[in-house]
Amino acid sequence: MSEQRATAYFRNGYFYIHSSSKTIEWVWVADRPFLRAPEASDDTELGMAIRAALAASRVDIEHPDHRIGVIEPLLQLAGVPSGSTFAKNASCARIELAGNSASIVPMRNLGVKKGFQPLPGKEKLVLLVEASALGAAVRTALLESSPRTT
């Protein structure tokens with residue numbers, strides 16, 4: 001399993017990207033940076049943001065007191081009051097660093113109570129040589145996991 005992760009969402013015309021870090025209790029939590037890019041962003045710009053989030057991923061951070069507060073910067077970027085509002089129309093993909101490649105896992109939106117779960121058989125491996133290839137692969141994964149098509 002990779003020790004560097006990021007998460008990307010697509011919601012209402014914007015991509016939202018954040019790093020994911022593993023706590024000392026082995027729980028992955030959202031972490032900085034929290035980034036937003038318009039849908040019109042090119043694949044290179046999207047790939048560079050994902051690379052920045054992967055590079056910021058950490059291991060053995062202190063477990064947060066309240067998991068809800070962890071996503072507050074994401075909610076502020078999206079201009080929404082709660083995680084349930086954000087998730088309602090969002091698609092999601094998890095990105096895991098694997099050497100010089102990234103594993104991209106599209107996630108199915110199962111609603112507010114059940115969250116996002118991996119879509120079986122949809123994982124893709126992309127070389128990190130070109131930011132544009134990474135951006136394009138994540139864009140495709142988010143479209144495949146769109147709440148409108150699942």
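I71 lies in the loop between α2 (67-70) and α3 (72-78), where helices (H or I, at least four residues) and strands (E, at least two) are DSSP runs numbered from the N terminus. At 24% relative accessibility, I71 counts as partly exposed; buried means under 20% relative accessible area, exposed over 50%, and partly exposed in between (1.4 Å probe, protein chains only). The model is predicted: local features need pLDDT of at least 70 and side-chain atom pairs count only at pLDDT 80 or more, while totals for chains, interfaces and linings use all residues. Residues are numbered from 1 along each chain as its sequence is written, and side-chain values use heavy atoms, with hydrogens and water left out.

**Surroundings of I71**
- Leaving aside residues up to four places away in sequence, I71 touches A30 and G83, a contact being heavy atoms within 4.5 Å.
- The C-alpha atoms of I71 and A30 are separated by 6.3 Å, although these residues are 41 apart along the chain.

**Overall architecture**
- The protein chain has five helices and eight strands.
- Their order along the sequence is β-β-β-α-β-α-α-α-β-β-β-β-α.
- The radius of gyration of the protein chain is 14 Å, close to the 15 Å that the globule rule gives for 150 residues, so the chain is as compact as a globular protein of that length. This radius is taken over C-alpha atoms, and the globule rule is 2.2 Å times the number of residues to the power 0.38.
- The C-alpha trace spans about 40 × 35 × 25 Å along its principal axes.
- Of the 150 residues, 45% count as buried.
- Among contacts with a separation of 6 or more, 61% are between residues 24 or more positions apart.

**Surface and charge**
- The protein chain exposes about 7,800 Å², of which carbon and sulfur atoms supply 54%; accessible areas come from the Shrake-Rupley method with a 1.4 Å probe.
- The 17 positive and 15 negative charges have mean positions 8 Å apart.

**Helix α5**
- Helix α5 (residues 131-144) has 14 residues and reaches 20 Å from its first C-alpha to its last, close to the 20 Å expected at 1.5 Å a residue.
- The buried residues of α5 are A131, L134, G135, A137, V138, R139, A141 and L142.
- An α-helix has 3.6 residues a turn, so residues three or four places apart point the same way.
- The cover over the buried residues of α5 includes the strands β1 (5-11), β2 (14-23), β5 (91-98), β6 (101-109) and β8 (124-127), together with helix α1 (43-56).

**F116 in strand β7**
- F116 belongs to strand β7 (residues 116-118) and is buried, with a relative accessible area of 19%.
- Beyond residues up to four places away in sequence, F116 touches Y9, A87, A90, S91, C92, M107, R108 and N109.
- One of these, C92, is 24 residues from F116 along the chain, with their C-alpha atoms separated by 7.2 Å.

**Backbone features**
- Most residues other than glycine have a negative phi, and most peptide bonds are trans.
- R32 and P33 are joined by a cis peptide bond with omega of about 5°; P33 is placed in strand β3 (residues 28-38).
- W26, in the loop between β2 and β3, is not a glycine but has a positive phi of about 65°. W26 is exposed, with a relative accessible area of 66%.
- D60, found in strand β4 (residues 59-61), has a positive phi of about 65° although it is not a glycine. D60 counts as exposed at 53% relative accessibility.

Key: The expected span of a helix is 1.5 Å times one less than its number of residues. Lys and Arg count as positive and Asp and Glu as negative; His and the chain ends are not counted. The place of a charge is taken as NZ of Lys, CZ of Arg, CG of Asp or CD of Glu.
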